[in-house]
Amino acid sequence: MKISSLVDQKRSSVSSVSMMIVIVGSQDPASVPIGFGTKQRQQTNPDSERKQLRKRPVGTSLERRTTVTTEVQEHQQQQHRRAHEEKLVATSSSCRRKAFFPALGTNTSSNSRTSNSSLLLKKQLAELSKNPVEGFSAGLIDDNDIFRWEVLIIGPPDTLYEGGFFKAHLHFPKEYPLRPPRMKFVTEIWHPNIDRNGDVCISILHEPGDDKWGYEKASERWLPVHTVETILISVISMLADPNDESPANVDAAKEWREAYPEFKRKVARCVRKSQEDC
C-alpha cells in the first residue's frame with residue numbers, strides 16, 4: 001500500500017510538470033520566466049518605437065530652442081534698456097550740474113590764466129625796477145592793478161622827437177602773453193603810426209597770426225615772447241623810423257613824405273608841449 005501511494009504521488013508530480021511545460025510553451029517568449037523567482041524579460045518592438053516617435057510632436061525641440069532664444073533676447077534687451085536708463089540719468093545729472101554751475105570750468109581756466117599773467121607782469125615790473133632800461137621808465141597806473149601800466153618814453157636822440165617826454169598807457173589783456181596789450185599815448189604826438197587819439201599801430205601789437213590783408217608776416221606780429229621791454233624798444237625805434245606804407249595817421253604820413261618841413265614843425269610843437277606838461 002505504501003508502494004502504490006508513492007507511485008501515485010510520482011504520477012501526479014509528472015503530470016503537473018507536463019502541464020507546466022505545455023503552459024510555458026503556449027506563452028509569449030518575452031514573458032517566459034527564466035528560472036523560478038526571476039523577473040520577466042521585456043522585449044522591445046522596433047515597430048512600436050517608430051509609432052511612438054511618429055506620435056511625438058515634430059516641433060517640440062524647435063519650440064524649445066525658440067523659447068530659449070527668446071528668453072536670451074529679452075534678457076539682452078533688458079540689459080540694453082537698463083544701460084540706456086543709467087546713461088539718461090547720468091546725462092540729466094550732468095545737465096543739472098551745468099545749469100547750476102554753467103561756467104565753472106571756464107572760470108577756473110580763466111582764473112588760472114589770469115594768475116599766470118599777473119605773475120609774469122609782476123616779474124617784469126620787478127626786473128625793470130631793478131634794472132632800468134635807457135630810453136623809458138615804466139610803472140603801474142594803479143598799484144592794485146597789474147594789467148594797467150603807465151610808461152614815459154624819452155624822445156630818442158638824433159630824431160625829431162629828441163628832448164620830448166611822452167606818456168603812454170599799456171593795457172594788458174587777461175590772456176597775456178597769448179594776446180598783445182593795447183598802447184595809447186596820453187601826451188599829444190604827431191607821427192604816421194600813431195593815430196590822432198594816441199593809439200599806437202605797430203606790427204608787434206597786432207593780434208597773432210597771418211595778416212588777412214597780406215601786409216604783415218605772422219613773424220612780424222605779436223608773439224608770446226614779447227615783454228614790456230621789447231614793446232617799448234620797438235616803439236622807440238618806430239619814432240625814429242616811421243612806416244608810411246601802412247599809416248594810422250594818414251595826414252602825418254603824407255606830410256612826412258611830401259611836406260617834411262610842416263611835419264617837422266608839428267613834431268617840434270609836440271616836443272615843447274610834452275616838456276611843459278611833464
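Two strands are taken to pair if DSSP finds at least two bridges between them. Helices (H or I, at least four residues) and strands (E, at least two) are DSSP runs, numbered from the N terminus. The structure is a predicted model, in which local features need pLDDT of at least 70 and side-chain atom pairs count only at pLDDT 80 or more, while totals for chains, interfaces and linings use all residues. Residues are numbered from 1 along each chain as its sequence is written, and side-chain values use heavy atoms, with hydrogens and water left out.

The chain holds seven helices and four strands. Read from the N terminus, the order of elements is α-α-α-α-β-β-β-β-α-α-α. Of the 278 residues in the chain, 24% are buried; here buried means under 20% relative accessible area, exposed means over 50%, and partly exposed lies in between (1.4 Å probe, protein chains only). Among contacts in the chain with a separation of 6 or more, 53% come from residues 24 or more positions apart, a contact being heavy atoms within 4.5 Å.

The four strands make up an open sheet in the order 1-2-3-4, with antiparallel pairing. Strand 1 (136-142) and strand 4 (182-185) are the edge strands, each pairing on one side only. From one strand to the next the twist averages 30°. Axes for such angles are lines fitted to C-alpha atoms, for helices over the stretch in contact, and the angles run from 0 to 180 degrees between N-to-C directions. Helix 5 (residues 228-240) packs on this sheet and touches strand 1, strand 2 (145-154), strand 3 and strand 4. The direction of helix 5 makes about 35° with that of strand 2.

The pairing can be followed across the sheet. Strand 1 and strand 2 are antiparallel and share six bridges; they form a hairpin with two residues between them. In this pair, Asp142 has Asp145 of strand 2 as its bridge partner. Strand 2 and strand 3 also run antiparallel and are joined by seven bridges. Leu152 is bridged to Lys167 in strand 3, and Trp149 stands opposite Leu170 in strand 3. Between strand 3 (residues 165-171) and strand 4 there are four bridges, again in the antiparallel sense. On the strand 4 side, Met183 is the bridge partner of Leu170, and Arg182 is that of His171. In a regular strand the side chains alternate between the two faces of the sheet.

Phe165 lies in strand 3. This residue counts as partly exposed because its relative accessibility is 29%. Apart from neighbours within four places in sequence, Phe165 is in contact with Leu152, Ile153, Ile154, Thr187, Ser274, Gln275 and Cys278. Phe165 and Asp277 are 112 residues apart in sequence, yet their C-alpha atoms are 8.6 Å apart in space.

Ala253 belongs to helix 6 (residues 250-258). With a relative accessibility of 1%, Ala253 therefore counts as buried. Neighbours within four places in sequence left aside, the contacts of Ala253 are with Pro192, Asp244 and Pro247.

Most residues other than glycine have a negative phi, and most peptide bonds are trans. Asp158, which is not a glycine, has a positive phi of about 60°; it is placed in the loop between strand 2 and strand 3. Asp158 is exposed, its relative accessible area being 76%. The peptide bond from Tyr176 to Pro177 is cis, with omega near 10°, and Pro177 lies in the loop between strand 3 and strand 4.

Grid points are joined across faces, edges and corners, and a volume is the space filled by probe spheres set on the points. The largest pocket has a volume of about 320 Å³. Its lining comprises 16 residues, of which Asn193, Ile202, Ser203, Asn243 and Ser246 lie nearest the centre. By class, this lining has five nonpolar, seven polar and four charged residues. Ala, Val, Leu, Ile, Met, Phe, Trp, Tyr, Cys and Pro count as nonpolar, Asp, Glu, Lys and Arg as charged, and the others, Gly among them, as polar.

How values were computed:
1 Å grid on protein atoms, 1.4 Å probe; cavity = no way out; pocket = protein on both sides within 12 Å on 5 of 7 lines; lining within 4 Å.
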